Amino acid sequence: MYKILLEDLPKLYAQMAQNADVYMPLRRGNELNFEKWNNEAIVDLESLKTVNTPKDLFLPQIENLYSSQVVGTKINIENVPVFDKTVVLFGVKACDVRAIEVLDNVYLQGDFVDEFYKARREKSIIISLACNTPAKTCFCSAFDIDPSSPQSDVRTWICNEYMYFDFTDEKHEKYERFYDMIKEFLTEADESEVAPLQKEIQEKINTLPFSGICLEKFTPENMLSIFNSSEWEHLYRPCIGCGTCTYSCPTCQCYDIRDHQSKCGGILKYRCWDSCMYPDFTLMAHGNPRFTQKERFRQRFMHKLLYHPEKYDGQFGCVGCGRCVNKCPVSLNILKVIKTIGGDENDTK
Amino acid sequence: MIQNNDNQIPMVGIITEIFEETSDVKTFRVVNSKGDKAFDHMPGQCAMLGVPGVGEAMFSISSSPTNTKFMEFSIKRVGVLTEYLHKLEPGDQITIRGPYGNAFPVDTALKGQNILFVAGGIALAPLRSAIRYVFDKREDYGYVDILYGARSPKDLVYRREIEKSWTEKPNTNVFLTIDRPDEDWDGHIGFVPDYFKKIGFSTDKVVVVCGPPIMIKFVLAILLEMGFKKEQVFTTLELRMKCGIGKCGRCNIGPKYVCVDGPVFRVDELDHIPDEF
């Protein structure tokens, strides 16, 4: 383990920025977001949650796939440049780290690899940061995420006047490169120096109102009975189908593919975030299998709590970051779904 | 697992011939820009066809893999893209990518078996690929029954091919039915499920059913009533698709993605996914 004085961090940022595009939580007025660091940036590692999630870096809101020129009836397809930069994501919280693992499963596993995601992900270096003050809306521990010990390849803690660095896999070429990048600022430290902080975080987590929310019922054998549960009938009612939960979610991964007619005659094919909460998401010529908001609402939570875990070895598609809890304009969120569908165990909590 | 790299970037396809099947269905013959077949596929697999600036959609490949020269797509005019495609002429270009999805088990579960194909309307398109494959390797399969129905005689796709070729194949029975007869029709009148019941097929065969969801539901019910087991029956699901590679989430149903885990499902598999199709 290594450490650096907090007051020396700007030097470290500058050093990193010479070698890579460095994204970290930057403050602009009331908003905190992962943005590209520069000399004037206001870094805020103390505040807990960014508005947008780190998924923006790997699955941007809009990404060009290719462009085509149509001359008469002839089509000419041109590739767009492949993403080819080293991106350092600095100060990622444990929940968002897990969320990237969820996205990795979807985009890098299975019969097909998503080439665009892979290009962005491959050269990225993720540096996580422990959460010193988790919020009341946090429930990451329900998904076995430990914010006192985030799981990325480079892990950091802010403790007293130092930031501590732990390289879990120093031999990995990517992290070796990162270590070389910043080693001049680091001094040796001992793990015992962050142990009290870790203990303190864990104690805080245990007192959070939703940290013990029970997910026991969300197992593959209950999938059909949960799908057919009568609870959905009233649960979904307040939902206005705005899709805010999907856009602010670090794991929501669905996208649309669309055309943009550019002024110079080319037609750009791009993909952009989409939402299963929208009626035209599944609309087909012969009808819509998810006819009302009830079916669309149900799909989102079934996907996170049952379909994704069944497909990916029990890994839930929710990471308990609480963004949807904060953002939903009608105070409807996955906690209500888990409590209502998850049944009795949650009533006592 | 062998993974494919698919960047969702299509190739250019050229329409070489267009056949008018019905008033709203046309079959498009497509090759790549070199004049060859765009890619290999198996019966039941699909391809994304598109027109830049108009749209892109998934269509089943209606020609057989045994055809090594070109691919065919039978497309019904139902929306913006298909409307546009119907206005195209031979020589026009489109975009094509694929193949996507799984296939009818022509080389496994269907091999050496008697086969019953049941289709309604435009859904004969994906089955035609399998039917032609079976006919081209006729000695590998037992008896073949084909039950096909459409709204009216004018809505039967591949009618010439059925009457001139399929009915002439050895050990093959073709049953046609239509809902609304015209004066020239002297065949059976009625819905596919009713005709199915009337014919009363024996259970010594593998069944492949493709059609509108409501037809599939009725036919499946009758099949079970007649003593067929779900494990003997294959059908297809259809949901909206965009990427074709199991990422964009649109065709997700239960833990399955129809574009990679489907479109072909053995009917007993459907018991384990939510009834949302």
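Predicted model: local features only at pLDDT ≥ 70, side-chain atom pairs only at ≥ 80, totals over all residues.
Local features are described only at pLDDT of at least 70 and side-chain atom pairs only at pLDDT 80 or more, while totals for chains, interfaces and linings use all residues. Residues are numbered from 1 along each chain as its sequence is written, chains are lettered from A in the order in which they are written, and side-chain values use heavy atoms, with hydrogens and water left out.

**View 1. The buried face of helix α4 in chain B.** Helix α4(B) spans residues 192–199; helices here are DSSP runs of H or I with at least four residues, strands are runs of E with at least two, and both are numbered from the N terminus. Look for Val192(B), Pro193(B), Tyr195(B) and Phe196(B), which are buried (under 20% relative accessible area, with exposed meaning over 50% and partly exposed in between; 1.4 Å probe, protein chains only). Seen down the axis of α4(B), these buried residues fall within an arc of 165°, so they line one face of the helix; the arc is that of the directions from the helix axis to the C-beta atoms. Their cover includes β8 (115–120), β9 (144–150), β10 (172–178), β11 (188–189) and α5 (213–225) of chain B. After α4(B) comes Gly200(B), with a positive phi near 65°.

**View 2. Thr22(B) in its loop.** You will find Thr22(B) between β2 (11–20) and β3 (25–32) of chain B. Thr22(B) is buried, at a relative accessible area of 7%. Its side chain makes a polar contact of 3.0 Å with the side chain of Asp24(B) (a pair of N or O atoms within 3.5 Å; within protein, one must be able to donate a hydrogen and the other to accept it, and residues adjacent in sequence count only if both atoms are side-chain atoms). A polar atom of the Thr22(B) side chain also lies 3.0 Å from the backbone nitrogen of Val25(B). Leaving aside neighbours within four places in sequence, Thr22(B) is in contact (heavy atoms within 4.5 Å) with Lys154(B), Asp155(B), Leu156(B) and Val157(B).

**View 3. Where chain A is in contact with chain B.** Here 49 residues of chain A are in contact with 50 residues of chain B. There are 4 salt bridges between the chains (a side-chain nitrogen of Lys or Arg within 4 Å of a carboxyl oxygen of Asp or Glu). In one salt bridge, Asp256(A) pairs with Lys242(B), their closest N and O atoms 2.9 Å apart. Helix α10 (residues 293–311) of chain A gives the largest share of the side of chain A that touches chain B, 7 residues.
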